[in-house]
Amino acid sequence: MFAVESSNVEKIIREFTSIHGLPDIPVQWNWIPFSGHWGLSTSLFALAAADARARNEKKNIPDYAINLADQLAKYLGTPPGFEKVEAVKGYVNLYFSTVEYAQRVIDSVIGQKANFGRAARKQEQIMVEFSQPNTHKSFHVGHLRSAILGDTLSRILDFAGYDVIRANYPGDMGLHVIKWLWCYINFHANEKPDKDITQWMGAVYAEASQRLEQNPLLESEIRALYKRWDERDPELVKLWEETREWSLQGFYQIYEALDIHFDRYYFNSQMEIPGKEIVQDLINKKIAIDERPDGAVIVKIDEILGLTKEKFRVFVALRSDGTALYATEDLALARQKFLDYPDLKLSLYIVDVRQSLHFQQVFKTLEIAGYEWAKKCEHIPYELVNLPGNVVMASREGTVVLLEDLMREATQRAYEVVQQKNPDLSEEKKLATAKAVGIGAIKYPMQSRENAKIVTFDWETALDFNGQAAPYIQYAFVRAGSILRKAGGTFDQSVTPEYEMTSQEIELVDVLSRFPREVERAAAEYRTLQIANYAYDLARKFNDFYTQCPVLYVDEPVKNARLRLVMATRQTIANSLTLLGITAPEAM
RNA sequence: GCCCCUGUAGCUCAAUGGACAGAGCACCGGACUUCUAAUCCGAUGGUUGAGGGUUCGAGUCCCCCCAGGGGCGCCA
């Protein structure tokens, strides 16, 4: 946002280094890290060290840097746009002309509204595959992380200028489905509940697992059923189609409730046959070794690459009985994406970390097979959502928290608070607020954490709406809206804040100005955390301002300037919440 | 055995290689006649798992340990 000013100063710095015969090294800009100081900062240590090296002299670098900083600060004087330049401990701090810049930032936000922070279109396509729920199983809190990370990342990438294609890849065929069908045929024929269907699907699957565990001899029945599927037995296919639809309808409802949408659905059942074709091709090309019927079809990747250390190991591409594995299907899926979207710049897979080796194998095998796009495939791993005591959520163990239960509890809890805080709201608004708060509270913890860190789910934390959580941010938005509503009017006229701004105001404007850069970084590093933390930071700065700076009860010109600051803040909170897929309610 | 991840305040987590390692929760003490107290203010809390190295500068990069978690031929 201050590119013109910083590059202007960079030019002066280059003059300075050239006059003194110092090395020409790139200038690194930071924010001045102390609260209440708004401006740009750079350190002279790197320059001092580089110069000492170039002259081959032993120097006390910190002293030299302090010296250089003093000289540079003097040389810079006060460049246009800044009101003060200071050398501090080897750093040079340039303080913005507060009034002028505050006006610029606020005007920029209010002028661009929902587009503040949005980058220009890059004309580049990125596919983000996420969620991959298994049909015929329950949808639990563990499945939520991929869905939320993928959705949020898609929103961020879109905002950062990419054309995002959101792909879902439900697991609608595989051993788990065969087990489910076996259990249904034998113990639940013709049943279908009229509500909580996803939950019921999950219960039947858990029952199937249990029965098989108790009597391992039944495995042969499963194999026989898989064979029937592979031969596309019409009766079985019909039952599969029907029951699969039950699961899918349940998923669509969940996505709707979470405000998560997809452009494209791929199903792994569609990838079985093309996957087998690719495997045959790998065999023909002597990349894969067909050990059937005694063994599977495998690719000895390390051997092909001539690696001495184990890295990609042995990739199993097809079962010994010729039925497809997930691996088989992933080969075809990767190709299908590029057949459908030949211009994809990147094909991202938001899948949990346990499958890292699997994806390395798939992508490397495709690369070996000569598919050039294989290098554009990238796995974005994330850690699991566990239960306290590091217990993994697993449908077959029954150690799960169902998503439906969590959403119901969270919205219920939120409703109780609204009821208590704001009894006069219409029932409709209370429900809408409860939903916004409940869903936001569920999403935020998954976004505000490093992907590589495990999320431990416990009810108490999940339903705690205080502190660093979505409701805090939503509340700041509500407070801002409330001030504007009471003030009335639109405040469209740009105003120069002709008064001594408080540190709370300056810090708030500072945070506002950082939003575009945060978006850029979040997109470049696939970090939803960046935006989640930013939104919280912004809300916190607004709350500081709110408690310290009266808006409606001050005289002009302060009032009008503050109203515009409130307006800009409300807009930026809204924009960051939109990126997080969290609804900003009007009242709470 | 090989590979990957994690280790920061009592707990959960932050911190583009940069200045004084910050938040929330919990605990203790305060603030509603004032723009919504789902808020705010204050206090307490640290050998960043250990040790080396690189660097002007390391929580961050490299090496080696320790601890925990995960992956490693027909599960997904």
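## Lining of the largest pocket

By class, 17 nonpolar, 13 polar and eleven charged residues line the largest pocket. The model described here is predicted. The volume of this largest pocket is about 1,200 Å³. Its lining comprises 41 residues, and those closest to the pocket centre are Asn134, Lys137, Asp352, Arg354 and Gln355.

Several helices and strands contribute two or more residues to this lining: α5 (141–159), α6 (175–187), α12 (326–340), β11 (344–352), α13 (356–368) and β13 (385–387). Helix α12 contributes the most, with four residues. The idea behind such a search is simple: rolling a probe the size of a water molecule over the atoms shows where empty space is left.

## Surroundings of RNA strand B

RNA strand B is surrounded by 74 residues, and the closest of them are Asn30, Arg313, Lys421, Tyr475 and Ser482. Among the atoms of RNA strand B that come within 4 Å of the protein, 61% belong to sugar and phosphate. Sorted by class, the surface near RNA strand B has 38 nonpolar, 19 polar and 17 charged residues.

## Polar contacts with the RNA

At glutamate 450, a backbone N or O atom lies 2.7 Å from a phosphate oxygen of RNA strand B. At alanine 452, a polar backbone atom is 3.4 Å from a sugar or linking oxygen of RNA strand B.

Asparagine 533 uses its side chain: one of the polar atoms there lies 3.2 Å from a sugar or linking oxygen of RNA strand B.

## Aromatic pairs

Across the whole structure, a search finds 37 aromatic pairs. One pair is formed by tyrosine 349 and phenylalanine 359, whose ring centres are 5.0 Å apart. Their planes meet at 50 degrees, so the pair counts as tilted. Tyrosine 349 sits in strand β11 and phenylalanine 359 in helix α13, and the pair links distant parts of the chain, ten residues apart. Both elements also give residues to the lining of the largest pocket.

## An aromatic cluster

Aromatic residues also gather in a group. Phe130, Phe139, Phe251, Tyr252, Tyr255, Phe262, Tyr265 and Phe267 form one aromatic cluster.

Terms used:
Residues are numbered from 1 along each chain as its sequence is written. Chains are lettered from A and ligands numbered from 1 in the order in which they are written. This is a predicted model: local features need pLDDT of at least 70, side-chain atom pairs count only at pLDDT 80 or more; totals for chains, interfaces and linings use all residues. Side-chain values use heavy atoms; hydrogens and water are left out. On a 1 Å grid over the protein atoms alone, a cavity is a set of points where a 1.4 Å probe fits but cannot get out, and a pocket is an open set with protein on both sides within 12 Å along at least five of seven lines; lining residues have an atom within 4 Å of a point. Grid points are joined across faces, edges and corners, and a volume is the space filled by probe spheres set on the points. Ala, Val, Leu, Ile, Met, Phe, Trp, Tyr, Cys and Pro count as nonpolar, Asp, Glu, Lys and Arg as charged, and the others, Gly among them, as polar. A residue is near a molecule or strand if one of its heavy atoms lies within 4 Å of it. A polar contact is a pair of N or O atoms within 3.5 Å; within protein, one must be able to donate a hydrogen and the other to accept it, and residues adjacent in sequence count only if both atoms are side-chain atoms. Rings of Phe, Tyr and Trp (its six-membered ring) pair if their centres lie within 6.5 Å; planes under 30 degrees apart count as stacked, over 60 as edge-to-face and the rest as tilted.
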